[in-house]
Amino acid sequence: MVFARLSAIVALALAASQVNAALTKRVTCASGHVTANAACCALFPAVDFLQENLFDGGECGEEAHSALRLSFHDAIGFSIHGGKGGGADGSILAFNSTELEFHANGGIDDIVARQFPVFEGLTLSAGDFVHLAAAVGTANCPGAPRLEFFFGRPAPLAPAPDLTVPEPTDSVTKILARFADAGFSPAEAVALLSSHTIAAADVVDITIPGTPFDSTVGTFDTQVFLEVLLKGTAFPGNGSQAGEVLSPLAGEMRLQSDFAISQDPRTACLWQAMVNDQERMMSEFKAAMAKLQVLGQNTRRLVDCSDVVPVPAPFAGPIKFPASFSSKDLQLACKELRFPNIATVAGPAPTVAPVPGS
Ligand code: HEM
Ligand SMILES: *[C@@H]1O[C@H](CO)[C@@H](O)[C@H](O)[C@H]1NC(C)=O
Ligand SMILES: *[C@@H]1O[C@H](CO)[C@@H](O)[C@H](O)[C@H]1NC(C)=O
């Protein structure tokens, strides 16, 4: 009797330690990759497939940039109060004929058309596909944090409704209200805007597709936070367009919304604190993206497969003023923070080149 009870306890303890081991023991997949969970093994070939068929062999190019934008436009179709879509569910891919009609999704048709055949070449759900592609594409950009990836989103049920995606013509009040409605603080909204360090516009001014938001569009650095604070002097294309304000550099576009957020008392210090603080930007962007990419999902049903995401190359830094610019060109709205010392570069102001393939 005593013996039977003891062996039952031993058996229980053994079972518990095996469960524990299953949670923590690393698994070697048939492909040779090592992961924390056997369920993730299926994703290593999918990552290779994405790199080959979507990202030109692992580049931080147009497709990587727009895969990140797509993850935002998919996920933000959500409200903590309900009734605004399923969040990070891949509805933008699966219900593309509805969501691509929304004004704020201008230019998104290109990446949906590029992703759709690649999506059909894999067995992932639309949500897993969109958010894995964003994590992998971002990892191709030096300086980016290694984003998390949670696996197992069910198929999306319906398209998101219109008017969930912020527009560059929106006021800061409207933008922050939309982010709050989706569950994000002003600090998280600014952190997510780090994405505009690897961004270019195709449709704000259709005469100059691929016009970058900063002078280092292939690097996930804090350059965009600096350059949005430089006094604007000209428009890069055919005059002033809706959602665009004066930019400091030829060939560079400044969004009205980025500029307004950099100057608003609610966000100016959050914006300024990112300048030349690579570590802060990386950790805050990573945390906000982790939240964005599972919005509306039951995370208890998802498996943490973050170790399938490639490790990004580091950014050596520090950032510099574009040639000919210095601290006298700054327009700072945050008085509380000391502005960091940024190196200056001699020579004429650069002209920023468009992103190829736009
Ligand atoms: C205030 C909120 C935001 C506004 C108003 C906004 C607006 C825009 C606009 C107008 C473009 C250019 C589209 C075009 O003409 O092709 C753009 C590009 C981009 N946005 Fe945002 N955005 C916001 C937030 C975000 C967030 C939260 C992310 C990601 C986390 C994001 C990622 C991107 C990326 C990566 C691009 C570049 C796409 C490419 O180069 O192909 N944006 N954004
Ligand atoms: C949109 O989705 C449909 C399937 O619902 C697909 O056949 C089509 O190719 C997609 N459109 C684009 C632009 O990818
Ligand atoms: C340039 O802008 C003007 C209005 O400012 C417009 O009439 C003209 O069509 C635009 N040109 C192109 C090529 O889009």
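A polar contact is a pair of N or O atoms within 3.5 Å. By that criterion, an oxygen atom of ligand 2 and a polar backbone atom of valine 112, which are 3.5 Å apart, can be listed as a contact. The model described here is predicted.

Besides the backbone contact of valine 112 at 3.5 Å, asparagine 96 places a polar side-chain atom 2.3 Å from an oxygen atom of the ligand. Ligand 2 taken alone exposes 360 Å², and the protein buries 51% of that area.

Histidine 196 sits in the loop that runs between helix 9 (186–192) and strand 4 (200–201). With a relative accessibility of 18%, histidine 196 counts as buried, because buried means under 20% relative accessible area. The UniProt record, an unreviewed entry, places a "binding site" feature at His196.

There are 23 residues around ligand 1, and those that come nearest are Ser195, His196, Ala200, Asp202 and Val203.

| Residue | Atom of the residue | Ligand | Distance to a ligand oxygen |
|---|---|---|---|
| Aspartate 202 | polar backbone atom | ligand 1 | 2.8 Å |
| Alanine 200 | backbone N or O atom | ligand 1 | 3.0 Å |
| Glutamate 62 | polar side-chain atom | ligand 1 | 3.4 Å |
| Asparagine 96 | polar side-chain atom | ligand 2 | 2.3 Å |
| Valine 112 | polar backbone atom | ligand 2 | 3.5 Å |

Alanine 200 and aspartate 202 are also among the residues that come nearest to ligand 1.

## The annotated domain

For the "domain: Plant heme peroxidase family profile", UniProt lists residues 123–338, again in an unreviewed entry. In the model this span is 30% helix and 6% strand, and the C-alpha atoms at its ends lie 51 Å apart.

## Backbone features

Most residues other than glycine have a negative phi, and most peptide bonds are trans. Some places in this model depart from that pattern.

The peptide bond joining glycine 317 and proline 318 is cis, with omega at about -10 degrees. Proline 318 belongs to the segment that follows strand 8 (303–304).

Serine 324 lies in the segment after strand 8. Its phi is positive, about 80 degrees, although the residue is not a glycine. Serine 324 is partly exposed, with a relative accessible area of 40%.

Asparagine 276 also has a positive phi, near 65 degrees, and is a residue other than glycine. Its place is in the loop between helix 12 (268–273) and helix 13 (278–292). At 28% relative accessibility, asparagine 276 counts as partly exposed.

## Other positions

Is histidine 81 buried or exposed? Histidine 81 is exposed, since its relative accessible area is 65% and exposed means over 50%. This residue is in the loop between helix 3 (62–75) and helix 4 (91–94).

Valine 130 is part of helix 7 (residues 126–139). Valine 130 counts as buried, at 0% relative accessibility. The C-alpha atoms of valine 130 and glycine 77 are 14 Å apart in space, and these residues are 53 residues apart in sequence.

Serine 247 is found in the loop between strand 6 (244–245) and strand 7 (254–255). At 1% relative accessibility, serine 247 counts as buried. Serine 247 and glutamine 272 are 25 residues apart in sequence, and 18 Å separates their C-alpha atoms.

Methods. Residues numbered from 1 in each chain as written. Chains lettered and ligands numbered in written order. Predicted model: local features only at pLDDT ≥ 70, side-chain atom pairs only at ≥ 80, totals over all residues. Heavy atoms only, no water. Helix = DSSP H or I, 4+ residues; strand = E, 2+ residues; numbered from the N terminus. Polar contact = N/O pair within 3.5 Å; in protein donor to acceptor, adjacent residues only side chain to side chain. Areas by Shrake-Rupley, 256 points an atom, 1.4 Å probe, with all protein chains shown as cover. UniProt positions renumbered as here; feature names shortened; annotations may be inferred. Near = heavy atom within 4 Å. Buried < 20%, exposed > 50% of the residue type's maximum accessible area, 1.4 Å probe, protein only.
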